[in-house]
Amino acid sequence: MKTIVVGAGIVGVSVAYSLLRRGHDVALVEAEDVAAGTTSTSYAWINSHKKHPKSYHALNYEGLKHWTHVVSAQHPETVMLHGHVEFAVEQEHRSTLEQRVERLQSLDYAARWITPAEAAERTPVHIPQDALVALFPWEGHAYPQLLAASRVAEMRRSPGFSLIIDPVVSVSRTEGKVSLLSGTELRGDVVVLAVGNSTTELAAEAGVRLPMVPKEVGGAAFGYLAYVRAPGHSLQGPITSDHLNFRPNGDDGLILQALDLDPTANPALVPEPQIGEELLRRLHALLPSAEAQLEEVRVGYRVIPGDGLTVAGPATGEPENRLWIAVTHSGVVLGPWLGEALAEEISTGQQNPLFEEFRPTRFASAEQLPAYAAPRKPGDQ
Ligand SMILES: Cc1cc2nc3c(=O)[nH]c(=O)nc-3n(C[C@H](O)[C@H](O)[C@H](O)COP(=O)(O)OP(=O)(O)OC[C@H]3O[C@@H](n4cnc5c(N)ncnc54)[C@H](O)[C@@H]3O)c2cc1C
């Protein structure tokens with residue numbers, strides 16, 4: 001088959017990679033650069049932690065297993081799965097953490113209580129003696145830009161692959177046709193749209209309704225991430241506390257996030273200096289030994305379909321439909337596995353039962369969607 005994948009973020013690169021591995025020709029078309037979109041500004045916590053409903057947990061669990069068993073074997077430099085430690089001091093956080101651990105244990109997901117003394121052996125973080133501490137040993141963090149770049153470099157060695165940097169301006173649902181800004185037209189047997197936050201507009205070009213959460217300051221879409229230099233920090237994996245999430249960004253760096261600060265995150269503005277100062281202040285209280293220096297605060301733009309859940313599959317149920325859509329929050333957890341699962345469906349025509357509740361067609365009616373809650377609490381993302 002001749003296939004066209006639009007969008008070279010972690011999702012599009014993963015779909016392209018898996019299609020190519022199955023022997024199809026692949027043209028990967030990207031507007032800017034590989035991993036230039038949300039994939040470049042992500043917390044990239046690998047988990048299936050607070051994923052509701054259970055069918056969505058099942059998808060994320062597949063994503064987690066795929067990183068653990070497949071990606072980490074092929075590209076060990078792109079993922080660190082040394083466990084996630086979460087500790088709660090404040091009452092509200094203690095009770096939500098208890099509920100989460102109980103639910104995850106009931107789903108046979110690795111989650112257990114550890115003492116602050118055990119935690120001190122695992123992490124340099126200052127954890128109060130009266131804290132409630134949980135360990136999620138399967139979890140960790142990834143470097144999705146690195147994985148996307150490695151996989152594109154590998155694909156480029158294949159004669160069946162081409163990378164085209166040229167924005168797509170329209171897509172046909174039934175002709176396998178894609179029109180580029182330069183005026184070029186591409187044709188394939190199948191087109192896969194993996195354009196993250198451009199999905200609504202490009203899908204509409206093909207007559208398909210696919211709402212995303214509103215692009216509103218104070219809503220779910222925007223969030224700060226602070227990039228900090230902290231040489232020799234010795235942190236192994238993500239930490240979640242009452243008011244700060246942080247995780248390693250290589251041996252000398254950290255990425256910080258405080259969800260309660262996100263209501264002012266606005267991609268049109270440079271973040272106020274107080275945001276970086278506050279994030280550093282919170283880090284210093286938990287990691288006093290680190291000589292942390294703020295490098296940059298960025299505003300990330302989450303890719304969240306209107307109901308918060310993954311979208312994967314044919315754009316419509318029509319027999320002549322040739323357009324597929326892949327768009328999801330938690331795209332780092334899900335991307336590599338989603339690529340495999342979608343490529344398998346496209347190749348064989350056999351439907352994956354795990355996708356039953358995640359088809360694009362659920363948005364076909366113009367029904368009003370309930371507002372999607374912004375991530376503001378520990379364990380959210
Ligand atoms: C603050 C924050 C924290 C996050 N934390 C996590 C986390 O802990 N774990 C997790 O799994 N996920 C997390 N995410 C989400 C995750 O990063 C995204 O789900 C994922 O990166 C989406 O990848 P994507 O490939 O779908 O989109 P993108 O990376 O945005 O890729 C889409 C690509 O399509 C291209 N494109 C757009 N329009 C066109 C066009 N017309 N023609 C051609 N190309 C086009 C873009 O240039 C872009 O390269 C977080 C996101 C944010 C912002």
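The model is predicted, with local features needing pLDDT of at least 70 and side-chain atom pairs counting only at pLDDT 80 or more, while totals for chains, interfaces and linings use all residues. Residues are numbered from 1 along each chain as its sequence is written, and side-chain values use heavy atoms, with hydrogens and water left out.

- Two or more residues of the shell come from each of α1 (10-21), β2 (25-30), β18 (293-301) and α8 (331-348); helices (H or I, at least four residues) and strands (E, at least two) are DSSP runs numbered from the N terminus.
- The element that gives the most is α8, with three residues.
- The ligand has 38 residues around it, of which E30, T39, S42, W45 and G331 come nearest; a residue is near if one of its heavy atoms lies within 4 Å.
- By class, the shell holds 20 nonpolar, 15 polar and three charged residues, with Gly counted as polar and Asp, Glu, Lys and Arg as charged.
- Domain 1 (2-41 + 144-214 + 305-363) and domain 3 (222-301) each supply at least three residues to the shell, the bounds coming from an automatic or database domain assignment.

**Polar contacts and burial**
- A side-chain N or O atom of E30 lies 2.6 Å from an oxygen atom of the ligand; polar contacts are pairs of N or O atoms within 3.5 Å.
- Polar backbone atoms also take part: one of G331 is 2.8 Å from a ligand oxygen, and one of Y43 is 3.4 Å from a ligand nitrogen.
- The protein buries 96% of the 1,000 Å² that the ligand exposes when taken alone, by the Shrake-Rupley method with a 1.4 Å probe.

**Backbone geometry**
- Most residues other than glycine have a negative phi, and most peptide bonds are trans.
- H52 and P53 are joined by a cis peptide bond with omega of about -5°, and P53 lies in the loop between β3 (45-46) and α2 (54-74).
- D108, a residue other than glycine, has a positive phi near 60°; D108 lies in the loop between α3 (91-106) and β6 (112-114).

Key. A polar contact is a pair of N or O atoms within 3.5 Å; within protein, one must be able to donate a hydrogen and the other to accept it, and residues adjacent in sequence count only if both atoms are side-chain atoms.
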